[in-house]
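Here is a short briefing on one protein model. Keep the sequence and the 3D view side by side while reading.

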Amino acid sequence: MLSEKIYQLRRRSGLSQEQLAEKIGVSRQTISKWEGGLAKPELEKLKALSEFFQITIDELTGNQAVSYANDKTKAKEAALSGQTETGKIGVYLCLTGAVCLILFGILTVIHQSSVDQINESSMITLNGTGILFTLFVSLMIVGVILILKRK
């Protein structure tokens, strides 16, 4: 029954009638009437309740299990959280690569002898500056891929 579900969801959330009323924009007495079965919420308030408790209106008014919706919501939140972390790593890698490229460019202009030392210390056919340039650009590319993967 709707009145029982509202009561259960409110209690499970650890809210008083007054706190729930403030969250969805009604009076405490209105919540009391809904929970007592003396009145039923209008469609607009059903939407507000379902959004607040993160369940569908069908689950709020019907006989479907509420915990199922909460499990789905938690799974979505976990997936979004994982995407957010991937995006943060991507931004970090991209910024790191860009900063390193800028610093390397400044070093090249200011201290040409340092660049020559890097080139001489390289054992690969590609000179040392080329290796650093490739590394920094690779960081930026990986960062961009992780950022785009998030979307």
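Valine 109 is exposed, because its relative accessible area of 71% is over the 50% cut-off. Valine 109 sits in helix H6, which spans residues 66-110. The model is a predicted one.

**Nonpolar surface**
- Valine 109 is one of the residues behind a nonpolar surface patch of about 620 Å².
- In soluble globular proteins, nonpolar side chains tend to be buried together.
- Valine 109, with its 71% relative accessible area, is exposed instead.

**Overall fold**
- The protein contains eight helices and zero strands.
- Along the sequence this reads α-α-α-α-α-α-α-α.
- Of the 151 residues in the protein, 28% are buried.
- The accessible surface amounts to about 10200 Å². Carbon and sulfur atoms account for 60% of that surface.
- Take the contacts between residues at least 6 apart in sequence: 51% of them join residues at least 24 apart.

**Nonpolar core**
- Which residues have the most contacts inside the largest nonpolar core? They are Ile6, Leu20, Ile24, Ile31, Trp34, Leu49 and Leu60, in a core of 15 residues.
- Four helices each supply at least two residues of this core: H1 (2-12), H2 (17-24), H3 (28-36) and H4 (43-53).
- Leucine 49 touches Ile6, Leu20, Ile24, Trp34, Pro41 and Leu60, with residues up to four places away in sequence not counted.

**Proline 41**
- Proline 41 lies in the loop between H3 and H4.
- Is proline 41 buried or exposed? Proline 41 is buried, because its relative accessible area is 8%, under the 20% cut-off.
- Beyond residues up to four places away in sequence, proline 41 touches Leu2, Ile6, Trp34, Leu46 and Leu49.
- Proline 41 and isoleucine 31 are ten residues apart along the chain, and their C-alpha atoms are separated by 8.9 Å.

**Salt bridge**
- How many salt bridges does the structure hold? There is one salt bridge.
- Arginine 10 pairs with glutamate 35, and the closest N and O atoms are 2.4 Å apart.
- The pair links distant parts of the chain. Arginine 10 is in helix H1 and glutamate 35 in helix H3, 25 residues apart.
- Both arginine 10 and glutamate 35 are buried.

- Serine 3 is in helix H1. Serine 3 counts as buried, because its relative accessible area is 10%.
- Neighbours within four places in sequence aside, serine 3 is in contact with Trp34, Glu35 and Gly37.
- Serine 16 belongs to the loop between H1 and H2. Serine 16 is partly exposed, at a relative accessible area of 31%.
- The C-alpha atoms of serine 16 and isoleucine 31 are separated by 9.7 Å, with the two residues 15 apart along the chain.

**Around helix H5**
- Glutamine 54 lies in the loop between H4 and H5.
- Most residues other than glycine have a negative phi.
- Glutamine 54 has a positive phi of about 60°, although it is not a glycine.
- Glutamine 54 is partly exposed, with a relative accessible area of 40%.
- Glutamate 59 lies in helix H5, residues 57-61.
- Why does glutamate 59 count as buried? Glutamate 59 counts as buried because its relative accessibility is 3%, under the 20% cut-off.
- The side chain of glutamate 59 reaches the backbone nitrogen of threonine 56 at 2.9 Å.

**Methionine 140**
- Methionine 140 is part of helix H8, residues 128-150.
- At a relative accessible area of 25%, methionine 140 is partly exposed.
- Methionine 140 and cysteine 94 are 46 residues apart in sequence. In space they are 4.0 Å apart, C-alpha to C-alpha.
- Leaving aside neighbours within four places in sequence, methionine 140 is in contact with Leu93, Cys94, Gly97, Ala98 and Leu101.

Methods: Residues numbered from 1 in each chain as written. Predicted model: local features only at pLDDT ≥ 70, side-chain atom pairs only at ≥ 80, totals over all residues. Heavy atoms only, no water. Buried < 20%, exposed > 50% of the residue type's maximum accessible area, 1.4 Å probe, protein only. Polar contact = N/O pair within 3.5 Å; in protein donor to acceptor, adjacent residues only side chain to side chain. Core = buried A, V, L, I, M, F, W, Y, C linked by side-chain atoms within 4.5 Å. Contact = heavy atoms within 4.5 Å. Patch = residues over 30% accessible without salt bridge, like charges linked within 9 Å, V, L, I, M, F, W, Y side chains within 5 Å. Areas by Shrake-Rupley, 256 points an atom, 1.4 Å probe, with all protein chains shown as cover. Salt bridge = Lys/Arg side-chain N within 4 Å of Asp/Glu carboxyl O.
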